[in-house]
Amino acid sequence: MDFKNEQGPISPTPVNSKATILNAVPIRHYGRWIATVFLLLVAMVMVKSLLTNPRFRWGIVGEYIISDPILDGLRLTLILTVVAQFLGILIGIILAIMRLSSNRVLARAAWIYIWFFRGTPLLVQLIFWYNISALYPEIAIGIPFGPTFWQGNANELITPFAVAILGLALNEGAYMAEIVRGGIAGIDKGQSESAKALGMTHMQTLRRVILPQAVKVIIPPTGNQTILMLKTTSLVSVLALADLLYTAQTIYARTFETMPLLLVASLWYLGITSVLTFGQFFLERHFTEGNQQRISFTQRIAGRVSTRKSSSQQGEAGKVNNDD
Amino acid sequence: MIEPALRVEGVRKSYGHVEVLKGIDMQVKPGEVACLVGPSGSGKSTFLRCINHLEKINSGRLYVHGELVGYQEKKGRLYELTDREVCQKRAEIGMVFQSFNLFQHMSVLENIIEAPTRVLKISKEEAIIHARELLELVGLSGREDSLPKQLSGGQQQRVAITRALAMRPKLMLFDEPTSALDPELVGEVLAAMQDLANSGMTMIVVTHEMGFARKVADTVAFMDAGLIVESGPPDEVLDNPQQERTKSFFSKVL
């Protein structure tokens with residue numbers, strides 16, 4: 001009502017609606033333009049080279065990329081990745097729980113483990129396990145300082161595959177331990193306190209309250225570790241284990257087609273990494289939604305609507321106050 | 001003579017060299033409401049946490065319904081109870097925290113039935129029926145599937161009270177249950193607590209809400225520097241304190 005009075009004969013010139021639209025000249029990002037042109041040039045040179053340099057020998061790449069030996073190697077690489085990563089996660093969880101234990105010996109033992117396995121190169125560890133029979137020719141199961149139940153030759157027992165799994169998993173466990181510990185430590189202490197106050201045991205608290213919440217924090221770095229693991233398995237080529245890289249190496253050692261076969265291996269690594277990245281994305285999304293837990297999309301929209309409503313109610317309350 | 005719900009004799013507690021509780025004596029009869037008041041840092045919360053053995057005491061004796069908390073006495077020697085035994089005892093004592101501490105990844109209903117089904121091994125169906133009854137009492141019917149962070153602080157605290165009650169406790173501990181709440185939400189939580197007190201629940205409440213203490217408490221105990229300085233019925237302690245320390249505290253807060 002007040003508005004109308006103001007718009008009356010008092011204002012002599014009508015408001016120019018055009019003047020309210022901003023017609024400003026945007027900042028020119030010359031640096032970015034130059035960089036863009038430069039990158040485009042580089043890309044063109046690379047594509048031209050990939051397509052026209054005959055030494056890439058794409059025909060041979062095509063020949064080998066789905067050949068039996070390469071696919072066998074790929075299968076071994078995938079098995080190593082999955083098994084070693086899975087065992088690594090298990091070891092990591094156990095170590096993390098040990099590190100957070102109030103028992104000093106357990107906590108310190110886990111610390112020493114992590115210190116050792118993070119402090120030495122994985123390549124060295126793999127070669128070490130491979131040659132373990134030099135240290136312990138016989139491996140026995142029994143009671144320390146007591147009777148022996150079973151005994152075997154280390155060389156027969158520890159096959160290259162066992163060495164690969166052992167080396168990769170033990171090493172991964174050290175890294176996963178830190179990731180899991182970070183996840184657990186990030187959970188508010190009040191959560192475990194209220195669980196305790198309700199009479200839940202230490203294990204129940206961990207399993208039902210702490211770990212489910214920690215998972216959300218642990219998932220993204222674990223995805224990264226898995227991708228890393230896929231590529232790290234190529235180190236087992238030093239054990240003469242026929243994984244993807246070693247298979248490619250044995251072929252080019254015979255045919256001297258080094259570059260095409262390295263391309264074959266790289267393309268597979270790239271492909272699998274892309275699939276894992278994709279999977280990681282969905283896993284992360286699943287678990288961040290797991291935070292809003294089992295709530296359907298429509299319910300989430302409803303949640304937003306309700307907050308908006310409450311804010312508008314506040315606005316109305318404010319108006320009422322102003323009127324007063 | 002009826003065994004008191006809580007009997008405390010000369011309880012002391014230290015963190016390193018700092019003594020926070022310097023010999024607490026207290027008795028609370030079944031069905032009574034006791035309010036612990038006093039300045040922050042006086043040891044109220046620590047004392048409360050000793051009652052359900054979240055903190056271990058260094059000396060003295062603490063009995064809940066005639067049973068020693070956290071220990072077993074055999075031939076004059078104390079033996080620590082195992083994790084499982086302590087948990088059984090804790091299950092009989094409900095506790096409500098200042099910061100609610102609802103399980104963030106569980107819905108309201110899941111929060112409430114978790115301990116009854118896992119600790120008391122009650123069937124899920126039965127636990128859900130009981131949970132719904134309790135939610136109705138605190139005015140939260142229909143919020144079963146909400147997550148804690150979708151609720152207001154006052155609603156969260158009422159869920160926390162419900163969660164504790166679902167264990168059918170004999171004793172309820174409240175650790176500054178309204179201190180983390182926006183002022184306009186304090187009332188709904190205090191109302192729920194008052195209903196609970198009227199139903200005959202034994203309650204020990206650490207609080208700064210003197211109005212609540214006056215209205216609901218049977219006993220008010222004023223704590224300062226690790227000791228109970230003065231205790232008695234609310235009108236005596238709050239309106240006519242005898243000790244200098246009590247007088248100066250209430251002259252500032254009332």
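**Notes on the predicted complex**

1. Asp239(B) is partly exposed, with a relative accessible area of 48%, where buried means under 20%, exposed over 50% and partly exposed in between, computed with a 1.4 Å probe and protein chains only. Its salt-bridge partner is Arg214(B), at 2.8 Å from N to O, a salt bridge being a side-chain nitrogen of Lys or Arg within 4 Å of a carboxyl oxygen of Asp or Glu. The pair links distant parts of the chain, 25 residues apart, with Asp239(B) in helix α8 (residues 234–239) and Arg214(B) in helix α7 (residues 210–216) of chain B. Arg214(B) is likewise partly exposed, at 39% relative accessible area.

2. On provenance, this is a predicted model in which local features need pLDDT of at least 70 and side-chain atom pairs count only at pLDDT 80 or more, whereas totals for chains, interfaces and linings use all residues. Residues are numbered from 1 along each chain as its sequence is written, chains are lettered from A and ligands numbered from 1 in the order in which they are written, and side-chain values use heavy atoms, with hydrogens and water left out.

3. As to confidence, the predictor gives the complex an ipTM of 0.91 and a pTM of 0.76. For chain B the mean pLDDT (the predictor's confidence in each residue, from 0 to 100) is 93, and 100% of its residues reach 70 or more.

4. Over all chains, a search of the whole structure finds 21 salt bridges. Among them is the pair Arg181(A) and Glu178(A), whose closest N and O atoms are 3.4 Å apart; because these residues are three apart in helix α9 of chain A, about one helical turn separates them. Helices (H or I, at least four residues) and strands (E, at least two) are DSSP runs, numbered from the N terminus. Arg181(A) is partly exposed, with a relative accessible area of 27%.

5. In chain B, Arg7(B) forms a salt bridge with Glu9(B), the closest N and O atoms lying 2.8 Å apart, and Glu9(B) counts as partly exposed at 33% relative accessibility.

6. Lys121(B), with a phi near 60°, belongs to the loop between α3 and α4 (124–137) of chain B and is, by contrast, exposed at 64%.

7. On a 1 Å grid over the protein atoms alone, a cavity is a set of points where a 1.4 Å probe fits but cannot get out, while a pocket is an open set with protein on both sides within 12 Å along at least five of seven lines; lining residues have an atom within 4 Å of a point.

8. About 1100 Å³ of space lies in the largest pocket. Of the 32 residues that line this pocket, those closest to its centre are Leu100(A), Ser102(A), Ser192(A), Lys196(A) and His202(A). At least two lining residues each come from α4, α9 (160–185), α10 (189–197) and α11 (202–232) of chain A and from α2 (83–90) of chain B.

9. Finally, Ile79(A), Val82(A), Val83(A), Phe86(A), Leu87(A), Leu90(A) and Phe161(A) form a nonpolar surface patch with about 580 Å² of accessible area together. Such patches are made of residues with over 30% relative accessible area and no salt bridge, nonpolar side chains (Val, Leu, Ile, Met, Phe, Trp, Tyr) being joined within 5 Å and like charges within 9 Å. Helix α4 (residues 68–99) of chain A supplies the largest share, six residues; Val82(A) is found in that helix and counts as exposed, at 56% relative accessibility.

Definitions and conventions:
Accessible areas come from the Shrake-Rupley method with a 1.4 Å probe; for residues, only the protein chains shown count as cover. Grid points are joined across faces, edges and corners, and a volume is the space filled by probe spheres set on the points.
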